[in-house]
Amino acid sequence: MDARTARDVSDLRERLGAARKVCVLTGAGMSAESGIPTFRDAQSGLWSKLDPMQLASEAGFRADPRLVWDWYAERREGVRRAQPNAGHEALAGYERRHPGRLTLVTQNVDDLHQRAGSRGVLRLHGDILLDRWLEHCPHQPSLTDTAGAIPGRPPKCPSCGNLVRPGVVWFGEMLPEGAMETAERAAFECDVMLVVGTSGAVWPAAGLAQVAREAGAHVAILNPQASAIDDQAHVCLRGTAAGVLPGVLKGV
Ligand code: OAD
């Protein structure tokens, strides 16, 4: 670590130690060192090889439900095999040491923050391990309870043929009710906003750094590469989540 980065880390540690409220926004880079691919990294990112409109939109699912279902099934397996990394653990430890101080907002559809011990995580883009009905199904007790579906690829409603789909937010869809409002409030109220491992390319999540900055928070970005929202940050730490977060959060 060069002298300037060391100074930035030390300043951030001081701020995190003294803050009344902290908001953390994470993206796919948070889980990269757990072996889950990001979306936009030039070589390894999912969207560098695959068409997001085919695999992550309702129209794509309707056009070829089996293809999309199988792709998510493979990603679900990857998520189940993955383990939280030192960055997830460091955030969960900070939350445990300071009950009520941290709001953790994630764009990630994996459950690694939760498995590391973080509670009350705001999951803006849903949960890849969850099933839900494509349409509201009048034959089922609720939109999320898919227990009665006939197994298959994808599973189907035995009465009307309605399909089961993964519980992620696809392009063009609304975020889970209330999640963005709660995240915006946390960004507005925090003293320190830490943004980890996101390209800042997808809205409205990318706008949270600006909400925090305009409300007077100190904004820090942790990413090995430049992101689209670096101009909102007071400081950009160039490093990885598992490499840098433990040092930033140790003992604060
Ligand atoms: P992206 O794939 O767009 O960006 C990942 C970011 O992580 C990049 O800026 C990388 O430089 C950075 N990165 C890579 N490795 C890292 C590491 N070890 N530590 C820290 N950072 C690292 O992922 P998101 O910004 O999360 O949407 O993408 C936003 C949304 O676009 C996703 O939630 C997904 C996708 O379409 C939905 O699922 C709805």
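Modeller: We will go through the ligand's surroundings and then the pockets. Keep in mind that this is a predicted model.

Biologist: Which residues are closest to the ligand, and how many surround it?

Modeller: The idea is to list the residues with a heavy atom within 4 Å of the molecule. Here the ligand has 23 residues around it, and F39, R40, H125, T198 and S199 are the closest.

Biologist: How does that shell divide into nonpolar, polar and charged residues?

Modeller: In the shell around the ligand, eleven residues are polar, nine are nonpolar and three are charged.

Biologist: Which polar backbone atom is 2.6 Å from an oxygen atom of the ligand?

Modeller: For polar contacts we look for pairs of N or O atoms within 3.5 Å. The atom you ask about belongs to R40. A backbone N or O atom of G197 also lies 3.2 Å from a ligand oxygen, and one of G29 is 3.3 Å from a ligand nitrogen.

Biologist: In which pocket does the ligand sit?

Modeller: The ligand is in the largest pocket, whose volume is about 840 Å³. This pocket has 44 lining residues, with A28, F39, R40, T198 and S199 nearest its centre. Its lining comprises 23 nonpolar, 16 polar and five charged residues.

Biologist: Why does the largest pocket lie between domain 1 and domain 2?

Modeller: Look at which domains supply the lining. Domain 1 (1-36 + 83-125 + 175-252) and domain 2 (37-81 + 128-168) both contribute residues to it, so the largest pocket lies between them. The ligand also lies between these domains, because both give residues to its shell.

Biologist: What is the volume of the second largest pocket?

Modeller: About 290 Å³. The second largest pocket is lined by 18 residues, including I36, P37 and L46.

Technical notes: Residues are numbered from 1 along each chain as its sequence is written. This is a predicted model: local features need pLDDT of at least 70, side-chain atom pairs count only at pLDDT 80 or more; totals for chains, interfaces and linings use all residues. Side-chain values use heavy atoms; hydrogens and water are left out. A polar contact is a pair of N or O atoms within 3.5 Å; within protein, one must be able to donate a hydrogen and the other to accept it, and residues adjacent in sequence count only if both atoms are side-chain atoms. On a 1 Å grid over the protein atoms alone, a cavity is a set of points where a 1.4 Å probe fits but cannot get out, and a pocket is an open set with protein on both sides within 12 Å along at least five of seven lines; lining residues have an atom within 4 Å of a point. A molecule sits in a cavity or pocket if more than half of its atoms lie within 2 Å of its grid points. Ala, Val, Leu, Ile, Met, Phe, Trp, Tyr, Cys and Pro count as nonpolar, Asp, Glu, Lys and Arg as charged, and the others, Gly among them, as polar. Domain bounds come from an automatic or database domain assignment. Grid points are joined across faces, edges and corners, and a volume is the space filled by probe spheres set on the points.
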